[in-house]
Amino acid sequence: MPELRKQFEIDNHLGRLTKALKHLHALNAYDELRAYAVKHTLYKEALDAYKYQPEQLRDITNVYAAYLHDRSRYKEAGIGKLP
């Protein structure tokens, strides 16, 4: 098992979710990171991780906007939504 994967598993097990998310980013495991961010409500951390990758940033932003919309936070959801 690769070292970063081990570190992810350890941090995930210990509840260090933000650190675990960063390991997923380092592994280039976007789909897994996206699912992890949704599961643990780590949208802001995921947005920060992909701030220089427009395609992934747009996708995470839209997922976060949907999350905010579902919680009736319409103004915030509208501001965050990207085309």
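Predicted model: local features only at pLDDT ≥ 70, side-chain atom pairs only at ≥ 80, totals over all residues.
Residues are numbered from 1 along each chain as its sequence is written, and side-chain values use heavy atoms, with hydrogens and water left out.

Reader: How many salt bridges does the count come to?
Author: Side chains of opposite charge can pair when their charged atoms come close. A salt bridge is defined here as a side-chain nitrogen of Lys or Arg within 4 Å of a carboxyl oxygen of Asp or Glu. By this rule the count comes to four.

Reader: Which residue forms a salt bridge with R5?
Author: In the bridge formed by R5, the closest N and O atoms are 2.8 Å apart. The pair links distant parts of the chain, 27 residues apart, with R5 in helix α1 (residues 3-13) and its partner in helix α3 (residues 30-40); helices are DSSP runs of H or I with at least four residues, numbered from the N terminus. The partner of R5 is E32.

Reader: Is D59 buried or exposed, or in between?
Author: D59 meets R34 in a salt bridge (2.6 Å, N to O). R34 lies in helix α3 and D59 in helix α5 (residues 54-70), so the pair ties together parts that are 25 residues apart in sequence. Buried means under 20% relative accessible area and exposed over 50%, with partly exposed in between (1.4 Å probe, protein chains only). At 25% relative accessibility, D59 is therefore partly exposed.

Technical notes. Helix = DSSP H or I, 4+ residues; strand = E, 2+ residues; numbered from the N terminus.
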